[in-house]
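Here is my note on the model, point by point. Please keep the structure open while you read.

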Amino acid sequence: MSNDAAEDPRRGLMLVISSPSGAGKTTLARKLMAEFEDVVLSVSATTRSPRPNETDGVDYHFRSETEFRQMIAKREFLEWAKVFDRYYGTPRADTVAELEAGRDVLFDVDWQGADALHDQMPNDCVSVFVLPPSIEALEARLRARPGSDDEMVARRMRDAKAEILHWRRYDYCIVNDDLEIAYEKLRRILLVERTKRLREHGLEDHVRRLLGEV
Ligand code: ADP
Ligand code: 5GP
């Protein structure tokens with residue numbers, strides 16, 4: 001059996017990252033995508049209009065409400081939700097194609113999205129919860145983020161505790177105090193999860209050869 005991924009492709013994994021807003025999941029996810037070219041972000045479908053800087057197929061798949069309802073009826077979503085009167089969903093086929101091509105797919109979702117993805121694809125999901133080092137640090141990060149205001153910070157701080165309560169549902173929890181240390185933990189999780197037996201396509205044949213069956 002070769003160790004070369006190109007000759008013997010592994011199955012990708014679904015890396016599901018949640019956190020209270022401001023704890024640093026976007027920062028950590030971006031670092032992972034910058035380091036690993038075979039880690040891609042899941043592109044959701046939505047019925048909301050594109051913002052000026054957004055591109056169809058890159059930021060979201062922009063769909064009409066009729067199209068979205070048809071996709072629900074045809075069970076084309078791994079999960080979907082109505083947020084602020086608009087629909088959002090994770091297309092099943094895109095994710096499956098990426099996993100089969102040996103790429104890992106990142107999901108930035110709340111605990112309910114994480115639960116739904118795990119229900120649909122239990123063998124493929126690896127879930128990570130990012131915690132802030134303290135409530136004070138979380139608030140400081142929210143305030144420092146461009147475009148934040150007092151009301152938004154207050155609302156997110158209220159929502160934060162409700163999100164943190166679900167930390168036990170996750171496979172891993174990372175306290176994001178020093179960014180480099182937190183990132184090193186995340187990349188180790190990715191690297192070790194990639195080597196899980198179920199994800200190594202070539203193992204079945206390798207063992208059959210060892211046993212003289214082929
Ligand atoms: P989330 O995606 O969880 O809402 P972000 O990744 O947008 O959070 O991070 C919120 C803010 O905190 C950003 O301004 C980011 O640069 C900053 N940040 C992220 N991780 C750290 C860290 N370990 N130490 C200090 N600031 C951080
Ligand atoms: P926005 O319109 O600002 O891009 O996103 C609004 C909200 O929708 C965010 O809270 C975001 O996490 C959520 N969202 C985006 N895509 C999906 C998705 O595929 N599924 C679910 N459940 N929520 C999503």
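1. Helices (H or I, at least four residues) and strands (E, at least two) are DSSP runs, numbered from the N terminus. Glu 65 and Arg 69 both sit in helix H2 (residues 65-73). They are 4 residues apart, about one turn of the helix.

2. A word on the source. This is a predicted model, where local features need pLDDT of at least 70, side-chain atom pairs count only at pLDDT 80 or more, and totals for chains, interfaces and linings use all residues. Residues are numbered from 1 along each chain as its sequence is written, chains are lettered from A and ligands numbered from 1 in the order in which they are written, and side-chain values use heavy atoms, with hydrogens and water left out.

3. Glu 65 and Arg 69 form a salt bridge, with their closest N and O atoms 3.0 Å apart. A salt bridge is a side-chain nitrogen of Lys or Arg within 4 Å of a carboxyl oxygen of Asp or Glu. Glu 65 is partly exposed, at 35% relative accessible area. Arg 69 is partly exposed too, at 45%. For these words, buried means under 20% relative accessible area, exposed over 50%, and partly exposed in between (1.4 Å probe, protein chains only).

4. How many salt bridges does a search of the whole structure find? The count is 20. Another one joins the side chains of Arg 51 and Glu 54, at 4.0 Å from N to O. Arg 51 is partly exposed, with a relative accessible area of 49%. Glu 54 counts as buried, at 17%.

5. Now look at Asp 104 and Arg 194. They form a salt bridge, and their closest N and O atoms are 2.8 Å apart. Asp 104 lies in strand E7 (residues 104-108) and Arg 194 in helix H7 (residues 179-194), so the pair ties together parts 90 residues apart in sequence. Both Asp 104 and Arg 194 are buried. Salt bridges with shared partners join Arg 10, Asp 38, Asp 104 and Arg 194 into one network.

6. Where is Arg 10 placed? It is in the segment before strand E1 (14-18). Arg 10 is buried, with a relative accessible area of 11%. Its side chain makes a polar contact with the side chain of Asp 104, at 2.9 Å. A polar contact is a pair of N or O atoms within 3.5 Å; within protein, one must be able to donate a hydrogen and the other to accept it, and residues adjacent in sequence count only if both atoms are side-chain atoms. The side chain of Arg 10 also reaches the backbone oxygen of Gly 102, at 3.3 Å.

7. Next, Val 128. It is found in strand E8 (residues 125-131). Is Val 128 buried or exposed? It is buried, with a relative accessible area of 0%. Leaving aside neighbours within four places in sequence, its contacts (heavy atoms within 4.5 Å) include Leu 15, Ile 17, Tyr 172 and Leu 186.

8. Turn to ligand 1. Which of the 14 residues around ligand 1 come nearest? They are Gly 22, Thr 26, Thr 27, Arg 145 and Asn 176. Here, a residue is near a molecule or strand if one of its heavy atoms lies within 4 Å of it. A backbone N or O atom of Gly 22 lies 2.7 Å from an oxygen atom of ligand 1. A side-chain N or O atom of Arg 145 is 2.8 Å from an oxygen atom of the ligand. The protein covers 74% of the 570 Å² of accessible area that ligand 1 has on its own. Such areas come from the Shrake-Rupley method with a 1.4 Å probe; for residues, only the protein chains shown count as cover. Helix H1 (residues 25-35) gives the largest share of the shell, 3 residues.

9. Finish with ligand 2. The residues around it include Arg 51, Glu 79, Tyr 88 and Gly 89. A polar side-chain atom of Glu 79 lies 2.7 Å from a nitrogen atom of ligand 2. A side-chain N or O atom of Tyr 88 is 2.4 Å from an oxygen atom of ligand 2. Taken alone, ligand 2 exposes 510 Å², and the protein buries 70% of that. Strand E5 (77-83) and strand E6 (86-91) are the elements that give two or more residues to this shell.
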